[in-house]
Amino acid sequence: MNSDLEKLIELEKVDREITRLTEEVAALPKRVAAIEEQLADHKTAVESAKTAIKANEASRRKLEGEIQGYQQKIIKYREQSSSVKTNDEYRALMHEVEFSEQHISACEDKILELMITLEAEEKALKTAEAALKVETAEVEKEKANARLRTTEDEKLLAELSEKRQQLRPAVSDTSLAHYDRVMRQRKSAVAEARSQKCMACFVMVRPQTWEEIRTNEHIITCSSCGRIFYYDPTHEPPLEASPVKKKSKAPPAASQPEAEPETAPAP
Ligand SMILES: [Zn+2]
């Protein structure tokens, strides 16, 4: 195989792998950020569950305070009732007592409702905390994976860069300039030619060019996409209609007359 062609095939593999790895390394921080965003949702769920519980407790304390207030009022009304002069005054005080008792009862109902809600809220908090724990472990694992992958990618990139530095000076300037130009424009610079076609842009090549390509001894470029051709004989389908001579078997050798048994001379 032509030495430039051989090296350019290798160089293209190296360059494409460098591109892939560079893109992967660049994409990893974004992936980590996306994973951490998921974690933020779980943190928010835990925070809002805690806030709901706090609000519930505050409401309960407020109601308990109100109950105490009404209980003190009732004590005061009962004390006053012993010193009233008229029935009307007495009834008015008893009315106040009844009113306070109704309030106390309403507050107690609300407290009971809050306690039922609190159970659900505490359950929600536990669920959210458990989910956050699972997700945190998952995120840490993913982050460790991402870090490991980055390290591996960077190591590979260093190796590939070194290989690239070795390959490039070994290619002639003209071939390398053509390779670089096509690579810049098309992200790939070599193409297999198969069945008389460019396998990158699928344009046919002329029969004479095809014959030259098949030798792999020249730098031949696609007239359409500019990629440098190589030929892989293992990819060529067997030509069914090819007039390949069947190996004519040698006609069965005419059976040699077997040596006649020597007849012993009659005694
Ligand atoms: Zn082409």
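Tutor: Rings of Phe, Tyr and Trp (its six-membered ring) pair if their centres lie within 6.5 Å; planes under 30 degrees apart count as stacked, over 60 as edge-to-face and the rest as tilted. This is a predicted model, in which local features need pLDDT of at least 70 and side-chain atom pairs count only at pLDDT 80 or more, while totals for chains, interfaces and linings use all residues. Residues are numbered from 1 along each chain as its sequence is written, and side-chain values use heavy atoms, with hydrogens and water left out.

Student: What kind of pair do the rings of Trp210 and Tyr231 form?

Tutor: One aromatic pair is present in the structure. The ring centres of Trp210 and Tyr231 are 5.5 Å apart. Their planes stand at 90 degrees, so the pair is edge-to-face.

Student: How many residues apart in sequence are the parts that this pair ties together?

Tutor: Helices (H or I, at least four residues) and strands (E, at least two) are DSSP runs, numbered from the N terminus. Trp210 belongs to helix 4 (residues 207-213), and Tyr231 to the segment after strand 3 (228-230). The pair therefore ties together parts whose separation in residues is 21.

Student: Are Trp210 and Tyr231 buried or exposed?

Tutor: Buried means under 20% relative accessible area, exposed over 50%, and partly exposed in between (1.4 Å probe, protein chains only). By that scale, Trp210 and Tyr231 are both buried.

Student: In what order do the elements of the protein chain run?

Tutor: The protein chain has four helices and three strands. Read from the N terminus on, their order is α-α-α-β-β-α-β.

Student: What arrangement do the four donor atoms around the zinc ion have?

Tutor: Donors are N, O and S atoms within 2.8 Å of the metal (3.2 Å for Na, K and Ca); here they are the SG atoms of Cys198, Cys201, Cys222 and Cys225, at 2.3 Å. Four donors count as tetrahedral if all angles lie between 85 and 135 degrees. The angles at this zinc ion run from 102 to 117 degrees, which makes the arrangement tetrahedral.

Student: How are the donor residues of the zinc ion spaced in sequence?

Tutor: Among the donor residues are Cys222 and Cys225, and both of these are buried. Along the sequence, the donor residues follow the spacing C-x2-C-x20-C-x2-C.

Student: How far apart are the end C-alpha atoms of helix 3?

Tutor: The expected span of a helix is 1.5 Å times one less than its number of residues. Helix 3 (residues 173-186) has 14 residues, so the span should be 20 Å. The distance between its end C-alpha atoms agrees, at 20 Å.

Student: Within what arc do the buried residues of helix 3 fall?

Tutor: The buried residues of helix 3 are Ser175, Leu176, His178, Tyr179, Val182 and Met183. They line one face of the helix, because, seen down the axis, they fall within a limited arc. That arc, taken over the directions from the helix axis to the C-beta atoms, is 160 degrees.

Student: Which residues are exposed on the other side of helix 3?

Tutor: The buried residues are covered by parts that include helix 1 (3-81) and strand 3. On the other side, the exposed residues are Asp173, Thr174, Arg184 and Gln185.

Student: What is the relative accessibility of Lys187?

Tutor: Lys187 lies in the loop between helix 3 and strand 1 (190-194). Its phi is near 65 degrees, a positive value in a residue other than glycine. Most residues other than glycine have a negative phi. Lys187 counts as exposed, because its relative accessibility is 63%.

Student: Near what value is the phi of Ser195?

Tutor: Ser195 sits in the loop between strand 1 and strand 2 (197-198). At 33% relative accessibility, Ser195 counts as partly exposed. Its phi is positive too, near 50 degrees.

Student: Which residues does Asn56 touch, not counting residues up to four places away in sequence?

Tutor: Asn56 is in helix 1 and is buried, with a relative accessible area of 3%. Contact means heavy atoms within 4.5 Å. With sequence neighbours up to four places away left out, Asn56 touches Leu114, Thr117, Leu118 and Glu121.

Student: By what distance are the C-alpha atoms of Arg60 and Lys110 separated?

Tutor: Arg60 is also placed in helix 1. Beyond four places in sequence, Arg60 touches Ile111, Leu114, Met115 and Leu118. Arg60 and Lys110 are 50 residues apart along the chain, and their C-alpha atoms are separated by 8.2 Å.

Notes: Tetrahedral: all angles 85-135°; square planar, octahedral: opposite > 155°, others 65-115°.
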